[in-house]
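Dear colleague,

Please find below the structure that I am handing over to you.

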Amino acid sequence: MFSRITGIGSFLPGAAVSNGDLADRGIETSDEWIVSRTGIRFRHLAASGETASDLALAASRRALAAAGLEASDLDLIIVATSTPDFIFPSTACLLQGKLGNQGATAFDVQAVCSGFVYGLTIADKFIRSGSHRRALVVGAEVFSRILDWKDRGTCVLFGDGAGAVVVEAAEQPGILASAIHADGTYNPILCVPGTVAGGAVIGDPFLRMDGQAVFKFAVRVLGEVAQEVLDQARLTTSDVDWLIPHQANIRILQATAKRLSMDMDRVITTVDRHGNTSAASIPLALDLAVRDGRIQRGAHVLLEGVGGGFTWGGVLLRY
Ligand code: ACO
């Protein structure tokens with residue numbers, strides 16, 4: 001028994017917000033600074049009151065339509081998010097309620113920007129075990145809610161969005177190899193070190209980051225985990241048709257491609273249009289490249305995530 005992606009969908013809230021729009025809103029920055037350091041030109045920001053489960057719902061409906069399934073057909077719903085609607089219930093349960101599914105296993109995965117790769121790996125293992133047959137895996141984020149708009153070093157980097165895939169049991173693989181890792185000793189270099197207790201926010205509720213430490217860590221582990229999943233599948237980088245790394249920063253994508261000796265024309269890039277949408281970035285990029293015809297059935301696609309925790313992982317699949 002294997003698992004295979006049978007439908008993809010994504011959703012971006014509102015209109016694109018340019019770097020110039022951010023400067024117009026009073027952030028001391030410029031299009032030149034942001035583009036030269038990150039490659040980001042636009043991002044989308046959710047409206048006030050628009051939540052991760054709302055974005056997840058729109059992306060999921062598109063993925064279900066692409067797979068030709070109804071929500072009631074699902075027996076597993078996994079939502080990767082670090083910006084859940086509530087402390088509880090999980091965003092997966094809220095999504096399940098909005099979709100009108102009753103009875104499926106539903107839970108959130110908290111692995112920050114690696115969340116989608118974690119979720120897809122978990123769904124693959126559930127399906128291969130024989131316990132489940134039709135999974136929905138979603139990355140959905142409203143990072144705009146946890147940004148300190150007075151911290152120009154972080155607030156210009158992120159955006160909101162959601163991407164979803166339907167994964168079904170199949171006789172031929174689909175997912176060829178996967179690996180997920182974490183090293184909690186690196187937690188201070190990217191975190192939101194606050195919580196809620198006794199009716200108040202305790203600590204700092206905003207995203208904090210040591211950008212240069214994150215950069216170095218990301219490039220190293222994205223290179224290592226790519227090699228790990230390729231070794232598992234007994235393939236090499238020359239067999240990979242498309243690389244989709246987590247879309248954090250164009251310089252991280254370029255450095256990763258170089259490390260893997262891959263040309264940038266085999267790397268799907270959306271960071272210019274979406275910014276960093278954390279757990280949503282990989283399925284958003286996958287959806288775009290499938291819909292515009294670059295990724296065709298049978299292509300070898302390598303997905304790679306890295307994020308706060310620190311967490312990282314890779315999934316190699318035959319689309
Ligand atoms: N606009 C204008 N100037 C800025 C801005 C801004 N938005 N942000 C910072 N600056 C200034 C700083 O104040 C500093 O000025 P100073 O020299 O007068 O003190 C100068 O630019 C350089 O700042 P640095 O932080 O040293 O800039 P750096 O070259 O390290 O670039 C960046 C920062 C883009 C964040 C880089 O470190 C990076 O790309 N890191 C990777 C982090 C990343 O992508 N994180 C995403 C989340 S993690 C993940 O998804 C895995």
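Predicted model: local features only at pLDDT ≥ 70, side-chain atom pairs only at ≥ 80, totals over all residues.

Residues are numbered from 1 along each chain as its sequence is written, and side-chain values use heavy atoms, with hydrogens and water left out.

Helices (H or I, at least four residues) and strands (E, at least two) are DSSP runs, numbered from the N terminus. Two strands are said to pair if DSSP finds at least two bridges between them.

The open sheet has five strands in the order E1-E7-E6-E4-E5, and its pairing is mixed. Strand E1 (2–11) and strand E5 (105–109) are at the edges; each has a single partner strand, so one side of each lacks a neighbour in the sheet. From one strand to the next, the twist averages 20°. Strand E4 (residues 76–80) runs parallel to E5, and five bridges join them. In this pair, Ile77 is opposite Ala106 of E5.

Helix H3 (residues 52–67) lies across E1, strand E6 (134–142) and strand E7 (160–170), at about 125° to E1. Contact here means heavy atoms within 4.5 Å; axes are lines fitted to C-alpha atoms, for helices over the stretch in contact, and angles run from 0 to 180 degrees between N-to-C directions.

Phe88 sits in the loop between E4 and helix H4 (91–99). Phe88 is exposed, with a relative accessible area of 68%; exposed means over 50%, buried under 20% and partly exposed in between (1.4 Å probe, protein chains only).

Strand E14 (residues 300–307) is mostly covered, with eight of its eight residues buried. His300, Leu302, Glu304 and Val306 point one way from E14, and Val301, Leu303, Gly305 and Gly307 point the other way. E14 pairs with strand E13 (residues 242–245) in the parallel sense over four bridges, where Pro245 is opposite Glu304. With strand E15 (residues 311–318), E14 pairs in the antiparallel sense over eight bridges, and Leu302 is opposite Leu316 of E15. The hairpin of E14 and E15 has three residues between the strands, and Gly309 takes a positive phi near 140° in it.
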